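Here's a quick briefing to read with the model open.

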Amino acid sequence: GVHRGVEQTMDISADLTEMGRTPVCVVSAGIKSVLDIPRTLEVLETQGVPVIVLGSDAFPAFFTADSGCPAPRRLESPHQVAQVIRHSLGLGLPGAVLVAVPVPAEQAGISEKIEQATRQALAECAAQHVEGHRVTPFLLRRINELTGGHSLAANTALILNNAKVAAQIAVSLAQLQLQGGSG
């Protein structure tokens, strides 16, 4: 993603450029709140990457269902996402499709605690002048400490939910390809 303070650091992850040129579906719980979400979405748009939010008008930020940014495109089902992927492949578009899946309702209770820890960790990071490649490891370690390990457990739950949705998309895409050819 695009890191906070990009105007001073120019810290933009190479994965955004790669997503613009590699035909893959990326399923995630959104963009981590430690990143600059509006700028990350802007770079994805610049790279031609369709950004879809499953079942929500708000773009999620991992542990929270609403990052404050609107969903660039809302779809209701993994099958609809598979249709977008199929059409993208059929048109020969070179880039990825990003599917953001909001945090499951059963994980929402811990979300605010993790977001508070994130805000505190970001403030500590700035106060301690942590920069460059040391920022993300610092933040992840500190957020885990501040939440007593709950952020790691919540992250695991998000990974499992994303894998479930990705599998549903893959099954739908395979069915669509069998019905109408590979394009």
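H129 sits in the loop between α5 (108-127) and α6 (135-146); helices here are DSSP runs of H or I with at least four residues, strands are runs of E with at least two, and both are numbered from the N terminus. This is a predicted model, where local features need pLDDT of at least 70, side-chain atom pairs count only at pLDDT 80 or more, and totals for chains, interfaces and linings use all residues. Residues are numbered from 1 along each chain as its sequence is written, and side-chain values use heavy atoms, leaving out hydrogens and water.

**Positive phi**
- H129 isn't a glycine, yet its phi is positive, near 55°.
- H129 is exposed, with a relative accessible area of 59% (exposed is over 50%, buried under 20%, partly exposed in between, using a 1.4 Å probe and protein chains only).
- F62 is another non-glycine with a positive phi, about 60°, and its place is the loop between β2 (51-54) and β3 (74-75).
- F62 is buried, at 16% relative accessible area.

**α4 against α7**
- The axes of α4 (residues 78-90) and α7 (residues 150-180) come within 8 Å and cross at roughly 55°; axes are lines fitted to C-alpha atoms over the stretch in contact, with angles from 0 to 180 degrees between N-to-C directions.
- That makes α4 oblique to α7 (under 35 degrees is roughly parallel, over 145 roughly antiparallel, 65 to 115 roughly perpendicular, and the rest oblique).
- Residues meeting across the pair include V81, I85 and L89 in α4 and I169, L173 and L176 in α7, with contact meaning heavy atoms within 4.5 Å.
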